[in-house]
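Notebook open, model loaded. I want to jot down what I look up as I go.

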Amino acid sequence: MSFDPTSHLLLTPEDTEAPNRVVRLRELGLGEAPVPEFDDFARHLARVTGAPYAMVNFIEEDQQYFAGLYAPGADQAVELDPSSNAGASVGRVMARDHGYCPHVIVRRKALVLEDVCDYPRFAGNPVVDEIGIRSYLGAPLIDRTGMALGTVCVVDQEPRPWGRQGLETIKSMAADLVEQIHRREHQGL
């Protein structure tokens, strides 16, 4: 949980479900290693939305893990080093107080930020300055147990008019991925 000392605004919401989520993710074998099918899913999500970055994100108590990741100009998912100052970068692991997925997981609802700078609560997030993120579209992955396991999201370095169509697309894609996770569970993967 982090606070903005100038406004006393809670920037990253408290996530009381995180310990149980970690147990559920381990049962499913998720959140600790890349999943090639999720990289493929992220690539498809990027193409469908026209966004340069797409992720399948599992959120734990202190970190986020991108089990599926797609970045621009790649025929397959790539890992970019966030410590390199070579422009936008996304790695497989990110602190829980970075980005907007922790808000989605706690809210249990999709989040559309066409320009994060329009929202003081979100404009101060470290991903704005460190990675250059300007727009976000994400939806929770709610599994059969009712638990929000993670998110699917897309981001861009430019403001994007996601609109109602973007919202419906991300929610539909999240539902598709939840079905894929359930099939994996049933098959014992």
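First thing I wanted to know: is Gln180 buried or exposed? It is buried, at a relative accessible area of 17%; buried means under 20%, exposed over 50%, and partly exposed in between, with a 1.4 Å probe and protein chains only.

Ground rules before I go further. I am looking at a predicted model, where local features need pLDDT of at least 70 and side-chain atom pairs count only at pLDDT 80 or more, while totals for chains, interfaces and linings use all residues. Residues are numbered from 1 along each chain as its sequence is written, and side-chain values use heavy atoms, with hydrogens and water left out.

**Around Gln180**

I placed Gln180 in helix α6. Helices here are DSSP runs of H or I with at least four residues, strands are runs of E with at least two, and both are numbered from the N terminus. Leaving aside neighbours within four places in sequence, I found Gln180 in contact with Glu37, Phe38 and Phe41, contact meaning heavy atoms within 4.5 Å.

**The helix pair**

Next I checked how α2 and α6 sit together. They pack at an angle of about 165°, with their axes 11 Å apart. That makes α2 roughly antiparallel to α6. For the record, axes are lines fitted to C-alpha atoms, for helices over the stretch in contact, and angles run from 0 to 180 degrees between N-to-C directions. Angles under 35 degrees count as roughly parallel, over 145 as roughly antiparallel, 65 to 115 as roughly perpendicular and the rest as oblique.

I then listed who makes the contact. From α2 I have Glu37, Phe38, Phe41, His44, Leu45, Val48 and Thr49, and from α6 Thr169, Ile170, Met173, Leu177, Gln180, Ile181 and Arg184. By class, I get 8 nonpolar, 4 polar and 2 charged residues. Here Ala, Val, Leu, Ile, Met, Phe, Trp, Tyr, Cys and Pro are nonpolar, Asp, Glu, Lys and Arg are charged, and the others, Gly among them, are polar.

**The sheet**

What order do the strands of the open sheet take? I read β5-β4-β3-β8-β7-β6, 6 strands with antiparallel pairing; two strands pair if DSSP finds at least two bridges between them. β5 (93–95) and β6 (111–113) stand at the edges with a single partner strand each, so one side of each has no neighbour in the sheet. Neighbouring strands are turned by 25° against each other on average, direction ignored.

Both helices pack on this sheet. Helix α2 (residues 36–49) touches β3 (53–59), β4 and β8 (148–156), and its direction makes about 70° with that of β4. Helix α6 (residues 163–187) touches β3, β6, β7 (135–142) and β8, and makes about 35° with the direction of β7.

**Strand β3**

I zoomed in on β3, where 7 of 7 residues are buried. Tyr53, Met55, Asn57 and Ile59 point one way, and Ala54, Val56 and Phe58 the other. Antiparallel β8 is joined to β3 by 6 bridges, and antiparallel β4 also by 6. I traced Asn57 across both: it stands opposite Thr151 in β8 and opposite Phe66 in β4. β3 and β4 form a hairpin with 3 residues between them.

**Thr151**

Thr151 counts as buried, at 0% relative accessibility. Leaving aside neighbours within four places in sequence, its contacts include Met55, Val56, Asn57 and Ile59, along with Cys101, Val104 and Ala139.
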